[in-house]
Amino acid sequence: QLAESGGGSVQPGGSLRLSCATSKFTLDNYAIAWFRQAPGKEREAVSCMHDSDGTTNYADSVKGRFTISRDNAKNLVYLQMNSLKPEDTAVYYCAADFECYNDYAEFTSWGQGTQVTVSS
């Protein structure tokens, strides 16, 4: 139901902006989260934006470098990623539901993911 875009390959210190879109529902009515999964690792939460007041959460590993935002006119949610590090390499997924759940299994709507590779 969701579709991510904007992934790619960048050098350490570079930036990417991921987008999350859907034609099925209005993203502003839902909490939207970004998760990532690196090879051989569990899926981890990166960031989440609540629907009610727009408050945001970030994993400690990305605080100060990543920013989640909405463009309600375009029905998009972004993840701006700056100062990228090799350890940010993963498939990034967006997810939607009624709350910013800590457990990714609670989210019912998912995209297929977009690959982000940070390497020199």
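A disulfide is a pair of cysteine sulfur atoms within 2.5 Å. The structure described here is a predicted model, in which local features need pLDDT of at least 70 and side-chain atom pairs count only at pLDDT 80 or more, while totals for chains, interfaces and linings use all residues. Residues are numbered from 1 along each chain as its sequence is written, and side-chain values use heavy atoms, with hydrogens and water left out.

**Disulfides**

A search of the whole structure finds two disulfides. Helices (H or I, at least four residues) and strands (E, at least two) are DSSP runs, numbered from the N terminus.

| Pair | S to S distance | Torsion about the S-S bond |
|---|---|---|
| Cys20 and Cys94 | 2.1 Å | about 75° |
| Cys48 and Cys100 | 1.9 Å | -90° |

The torsion of about 75° makes the disulfide of Cys20 and Cys94 right-handed. Cys20 lies in strand E3 (residues 16-21) and Cys94 in strand E9 (residues 90-97), so this pair ties together parts that are 74 residues apart in sequence. The link of Cys48 and Cys100, in turn, is left-handed. Because Cys48 belongs to strand E5 and Cys100 to the loop between E9 and strand E10 (109-110), that pair ties together parts 52 residues apart in sequence. With the bonded cysteines numbered in sequence order, the pairing is 1-3, 2-4.

Are these cysteines buried or exposed? Buried means under 20% relative accessible area, exposed over 50%, and partly exposed in between (1.4 Å probe, protein chains only). Cys20 has 0% relative accessibility and so counts as buried; Cys94, at 0%, also counts as buried. Cys48 is buried at 6%, and Cys100 is buried at 14%.

Two strands pair if DSSP finds at least two bridges between them. Four strands form an open sheet in the order E1-E3-E8-E7, with antiparallel pairing. Its edge strands are E1 (3-5) and E7 (66-71), each of which pairs on one side only. The twist averages 20° from one strand to the next, where axes are lines fitted to C-alpha atoms (for helices over the stretch in contact) and angles run from 0 to 180 degrees between N-to-C directions.

E1 and E3 are joined by three bridges, and Ser5 stands opposite Ser19 in E3. Between E3 and E8 there are six bridges; Leu16 has Met81 in E8 as its bridge partner. E8 (residues 76-81) is mostly covered, with five of its six residues buried. Six bridges also join E7 to E8, and there Arg70 stands opposite Val77 in E8. The hairpin of E7 and E8 has four residues between the strands, and Asn75 in this hairpin takes a positive phi near 55°.

**The largest pocket**

On a 1 Å grid over the protein atoms alone, a cavity is a set of points where a 1.4 Å probe fits but cannot get out, and a pocket is an open set with protein on both sides within 12 Å along at least five of seven lines; lining residues have an atom within 4 Å of a point. The largest pocket has a volume of about 160 Å³, a volume being the space filled by probe spheres set on the points, which are joined across faces, edges and corners.

The largest pocket is lined by 14 residues, and Ala45, Cys48, Asn57, Tyr101 and Asn102 lie nearest its centre. Strands E4 (31-37), E5 (44-49) and E6 (56-58) each give two or more residues to the lining. E5 gives the most, with four residues.
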